[in-house]
Every structure is written in C-alpha cells, then in structure tokens.
Amino acid sequence: MRKVDFDFAQYIRSMSEQQLQNFAIASGTTTNYIKLHLIYKKKIPRPEMIDSLVIAAEGGFSKHQFVSWLYDLEVA
C-alpha cells in the first residue's frame with residue numbers, strides 16, 4: 001500500500017498570496033480557514049466545501065486526491 005501522491009498543504013504553500021486569495025474566494029471560504037484549519041487538518045470540511053475546493057482548483061487536484069490526503073488514506 002502507498003499513499004496518494006498529493007499533498008494539499010504543499011499545493012497551498014506553492015501559491016502566491018494573490019493566488020491563495022483567489023482560490024479562497026472561488027472556494028467560498030477565507031485564506032485564514034485554509035491556512036489554519038485545512039492545511040493542518042484541524043477541521044474536516046463539509047462535503048459541499050470539499051466540492052467547492054476541488055472546483056476552485058480547476059484541475060489542480062481531484063476529490064479523490066483531496067479526501068485521500070485529508071484522511072491519510074492509502075491506495076492499493
């Protein structure tokens with residue numbers, strides 16, 4: 001078994017502040033929520049928020065990748 005090859009925290013940290021701001025707005029949340037709660041996995045977002053994050057990423061990651069990262073799931 002291996003982990004999915006995706007790291008949301010790294011994805012977010014690779015963004016400029018403006019890119020992060022745009023991503024947060026498109027996701028319907030704030031940069032603080034992303035920085036403080038999501039990248040450290042302190043809160044599990046609602047299913048609607050997960051969908052919004054995936055849509056706002058515009059192909060940067062899939063729902064499967066995000067959920068697998070969020071729950072530290074492994075793939076066969």
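The buried residues of α2 (buried: under 20% relative accessible area, 1.4 Å probe, protein chains only; helices: DSSP runs of H or I, at least four residues, numbered from the N terminus) sit under a cover that includes α1 (8-13), α3 (31-38) and α4 (47-57). This is a predicted model, with local features needing pLDDT of at least 70 and side-chain atom pairs counted only at pLDDT 80 or more, while totals for chains, interfaces and linings use all residues. Residues are numbered from 1 along each chain as its sequence is written, and side-chain values use heavy atoms, with hydrogens and water left out.

The residues in question are Leu20, Phe23, Ala24 and Ser27. Looking down the axis of α2, these buried residues fall within an arc of 100 degrees, so they line one face of the helix; the arc is taken over directions from the helix axis to the C-beta atoms. Just after α2, glycine 28 adopts a positive phi of about 80 degrees.

Phenylalanine 23 belongs to α2, which spans residues 17-27, and is buried at 4% relative accessible area. Leaving aside residues up to four places away in sequence, phenylalanine 23 touches Phe8, Tyr11, Ile12, Met15, Ile34, Leu53, Ala56, Ala57 and Phe61 (contact: heavy atoms within 4.5 Å).

Over in helix α5 (residues 63-70) there is serine 68, buried with a relative accessibility of 4%. A polar atom of the serine 68 side chain lies 2.8 Å from the backbone oxygen of histidine 64.

Conventions
Helix = DSSP H or I, 4+ residues; strand = E, 2+ residues; numbered from the N terminus. Buried < 20%, exposed > 50% of the residue type's maximum accessible area, 1.4 Å probe, protein only. Polar contact = N/O pair within 3.5 Å; in protein donor to acceptor, adjacent residues only side chain to side chain.
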